[in-house]
Amino acid sequence: MEILIISIVAFLTAILTFFSGFGLGTLLTLVFMLFFPVDIAIGLCGLVHFANNLFKFFLVGKHANKEVLLKFGIPAIFAAMLGSWLLLQISDLEPLFRYSLFGKEWEVLPVKFIIAILLVIFALLDLIPYLSKLEFGKDKLPLGGILSGFFGGLSGHQGALRSAFLIKAGLSKESFIATGIVVSMFIDFTRLSVYASKITTYTLYENKVLLISATLCAITGAYLGNQLLKKVTLKFLQVFVAVLLLLVAIALGMGVIS
């Protein structure tokens, strides 16, 4: 049953994440956690996420903007290291608040609440007509990389912030998607280097059918997303990303996404 559920989620979210630049890791990790311990779930999902990004790179990687990769990607990697270090220092901070809903206890951590506020701000930049005309100059790209990488290292949610910034950087839809994919690959490679100590060869062998199935479904979803890309406009992409940012922000702010 877990193979079927995880594979379906991988397929559907891979289509969405092709446009938005985020979502696959966030949603798929939550589903993995239904069947595996947290550390194993994160590691297995990381493998599927990296394989999917690798496939997408071969599909559209040639459209990546090299200037943006240098100005945004490199600061993101170093900032992610800082964020990861800081996470170890503040891991014992108390939640801002707790509440009960649908018979379950939820808690909202300070870092998730901060990210939620940032995502709302970025989403409004695309949804409010006056603000949607604004663009971030390429001189602001290092700042965007620092924010994305830092919060990625601090909480693991770097894709939404990355997309929120790149969508306003004046890139074409193809360049926006390809550049985000390459940056995400950098982060994935770093993550998998860390996860390697937690994922044994036996664990991989024991779950090889699940990993292969989920990866193939994610790749199929990415391929379909690439075909659909030709039918969408940059404006549609901006609004689509903005709506997803708001949904993720609400989920983070409510503690639904851990």
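Mentor: With a relative accessibility of 7%, Ser-175 counts as buried, where buried stands for under 20% relative accessible area, exposed for over 50% and partly exposed for what lies in between, taken with a 1.4 Å probe and protein chains only. The model is a predicted one, in which local features need pLDDT of at least 70 and side-chain atom pairs count only at pLDDT 80 or more, while totals for chains, interfaces and linings use all residues. Residues are numbered from 1 along each chain as its sequence is written, and side-chain values use heavy atoms, with hydrogens and water left out.

Ser-175 sits in helix H9, which covers residues 173-195; helices (H or I, at least four residues) and strands (E, at least two) are DSSP runs numbered from the N terminus. If residues up to four places away in sequence are not counted, Ser-175 touches His-63, Ala-64 and Asn-65, a contact being heavy atoms within 4.5 Å. With His-63 there is also a polar atom of the Ser-175 side chain at 3.3 Å from the backbone oxygen of His-63.

Leaving aside neighbours within four places in sequence, Ile-6 is in contact with Leu-28, Val-31, Phe-32, Phe-35, Phe-36, Leu-210 and Ala-214. The C-alpha atoms of Ile-6 and Leu-34 are separated by 9.8 Å, although these residues are 28 apart along the chain.

Phe-35, one of the contacts of Ile-6, is partly exposed at 32% relative accessible area and belongs to the loop between helix H2 (24-32) and helix H3 (38-60).

Of its 258 residues, 48% count as buried, and among contacts with a separation of 6 or more, 81% join residues 24 or more positions apart. The accessible surface of the chain comes to about 12800 Å², with 73% of this belonging to carbon and sulfur atoms; such areas come from the Shrake-Rupley method with a 1.4 Å probe, and for residues only the protein chains shown count as cover.

Definitions and conventions. A polar contact is a pair of N or O atoms within 3.5 Å; within protein, one must be able to donate a hydrogen and the other to accept it, and residues adjacent in sequence count only if both atoms are side-chain atoms.
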